[in-house]
Amino acid sequence: MESFFSRYRNALVLIGVLVAQLLALAVQARRPAAESADQHTVSLARYVVVSVITPPERLLHATGHWFGSLWFGYIDLIHVRRDNAGLKQEVERLRLEQASLAQDAQQAQRLQHMLGFEEHYIYKTVPAQVIGTGGSDQSQVLYIDKGSEDGMEQDMPVITADGIVGKLKDVFPHTSQVLLVTDPTSGVGVILETTRIRGILKGREYGQLQVVDVSPDSRIKAGEPIITSGGDQVFPRGLPVGNVDNVVPDPEHDPLVDVLVRPAAKLSQLEEVLVITNLSDAMSPQEVKDLAESEAESEAEQKRASDVLAERLPSRIDPNAPADTNPEQLVDAEGNPLKPMVAPKPDRPDKFSPNAEPDATEMVPGQRWAPVKEGTEELAHPRQPQQPAQNATAASASGTAQETTPGGSTTPVHANTPAATAAPKVAVGAAVHSEAPSTASETQPGGSVKTHVVVDGPVSTTHKTVTLPPSEIPAANQAKPRSNPQPAPDNNSPPQQPASPQGGQR
Amino acid sequence: MALMASSRREADTQSFPFLVYVLTPLLALGLQSFVPLHFPHFAVLDLPLLVVIYFASTLRAPIGATIGGALLGLAQDALTHQPLGVFGIAKAFIGYLAASLGVRIDTESIGTRLMLTFIFVMLNDAIDWILVRHLLAEPIAWGWIYQILRAAINTLVAIILFALLDRLKSRE
């Protein structure tokens, strides 16, 4: 037995080391890191290594930074005054622009609160220097020089001015590990800005980015911006992610496609990043002040604009001006008003007033009480005096026409009534949008009248020739053998003359 | 090219100053973590693996190489976000193989170093891929062209690195 161990000592040590690590791997793989009971042990091991490795890195980084500062801060200062002045102006402009955007954001926030959304806005960020990497192309991680003592916490989003970078994974007292979005194990909720297609951004092999499992859509074009959706509860909504680079089929989930993404931030050359430490809908005092200034300036500009507009346009209606009898003459060839506009006066009393119609018990079946829709003629009312004959023009689409009597008064004639269809009475304007027949008559030998009846129906027009005996011909129509339909009066045409006792047709 | 150890000198175990045992792995880890910040393609190298191969094949102590490889691999794991043990297992196995082969073959010739380093880098990546892909069920890429290029680059760098480390030997 002793010879066995001594003979295979090396192999046994190897097996022991491998088995121990395999067991450790199995434990870590079985329990997620956040729920693991031995998380403290794992963190301790990482902490020991990071504590040994990162101080030299910080030292190296600080040394390089010192040399860089020496060069850029004391030697390479050409044009710095001019650049400073330009930057100050840029800051002022950006502050106003930011205030304007903050106003819009506030409005959008109110609306989203109304809709039940909870929107987070970046309120506080902490700048951090990148001091190291994970050291492996399989593990896309970075190390920054800020840790828990600087307020860092797990899952805090890390960004740059260009776009998102990743999130904090492990936080040590003076150092934090950033899991880049290019890592295959990361996931970010994103939206394609133009097509509004949602997806999950994941890392691809060799540090590429992709939005996985997207339904094929021909609208997805290269160059389309991609922003965060806020659905991952890590990144605030609307941060730039990158642009669409290409669309490739997903080999594992046919027919879905993967959208390859060109990251907005330069993830391979990061030196400084911003860690978002607070997401809040509150604004800083400076932002509140800028917002107030912007609002005051906006009101002043609106007031100036309204004053200029008031000088250029006719503003008020002059009550003493003469009535507007011909509005077209008040406008020149270019459409500009020549005189102050006056309110038009009604040419007839209002018949739409409440209680203007009689009770239902007094109404007669088949008789309309409402005025015609498109004509200018109004219907007679039994309790009201008849309208003068000058208004007797067109009938209505309801099939009514007016019969002009020798006395000058008019009575309604309904197209469905026998008097309107059989008798060749003169129907004034009956052919206009009317179901009532229009007639054309000529006197036959013997006193009878051969009448050509044109009936405009709702769908088609029919022509009939009817011969009537002299006993059925009214006196009014016998005097006028032919009557042509009258076109519908135009609202702009001058008022019609009263109908003649013979029928009012010319 | 003499592959097998043909003389006592070639088969002798060699030693280094104590600081070399401590500082070389730390420096390898530090450079591996720091340099890719400014030269992203530097991540294609695996300096800790090269250090394990060199010390294992030079010292020819399988147990020490196994444990040393495991510790260096665990330290490398600690710098990443993946579970501890992936690099530890791979480098422990590579250290054991390199030390076992170092007893039998001449590991100081350039040809042997080229061939062994290339094979060990490929084997290390294969073990990593198997562990991550099948034990941890996490996505990891394997491209033959990329892996061969990576192994070739590491081999070329290893020739220079091994020559530098040879100068630190303390021969008795």
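Across the interface of chain B and chain A in this predicted model, the rule finds zero salt bridges. Polar contacts, by contrast, are found there: 16 residue pairs, both members at pLDDT 80 or more, are joined across the interface of chain B and chain A in this way.

The size of an interface is often given as the accessible area lost when the parts come together. Between chain B and chain A, about 3,800 Å² is buried, and carbon and sulfur atoms give 68% of this area. In terms of residues, 46 of chain B are in contact with 46 of chain A.

On the side of chain B that touches chain A, two or more residues are given by each of helix 2 (18-34), helix 4 (62-79), helix 5 (86-104), helix 6 (110-135) and helix 7 (144-166) of chain B. Helix 4 of chain B supplies the largest share of this side, 11 residues. Sorted by class, the side of chain B that touches chain A comprises 31 nonpolar, 11 polar and four charged residues.

The largest nonpolar core has 41 residues, and Ile164(A) and Leu201(A) have the most contacts inside it. When neighbours within four places in sequence are left aside, the residues in contact with Ile164(A) include Leu201(A), Val158(A), Ile159(A), Val181(A) and Val188(A). Further contacts of Ile164(A) include Thr228(A), Phe235(A), Leu239(A), Pro240(A), Val241(A), Ala265(A) and Leu267(A).

Terms used:
Residues numbered from 1 in each chain as written. Chains lettered and ligands numbered in written order. Predicted model: local features only at pLDDT ≥ 70, side-chain atom pairs only at ≥ 80, totals over all residues. Heavy atoms only, no water. Core = buried A, V, L, I, M, F, W, Y, C linked by side-chain atoms within 4.5 Å. Buried < 20%, exposed > 50% of the residue type's maximum accessible area, 1.4 Å probe, protein only. Contact = heavy atoms within 4.5 Å. Buried area = accessible area lost by both parts, 1.4 Å probe. Salt bridge = Lys/Arg side-chain N within 4 Å of Asp/Glu carboxyl O. Polar contact = N/O pair within 3.5 Å; in protein donor to acceptor, adjacent residues only side chain to side chain. Helix = DSSP H or I, 4+ residues; strand = E, 2+ residues; numbered from the N terminus. Nonpolar A, V, L, I, M, F, W, Y, C, P; charged D, E, K, R; others polar.
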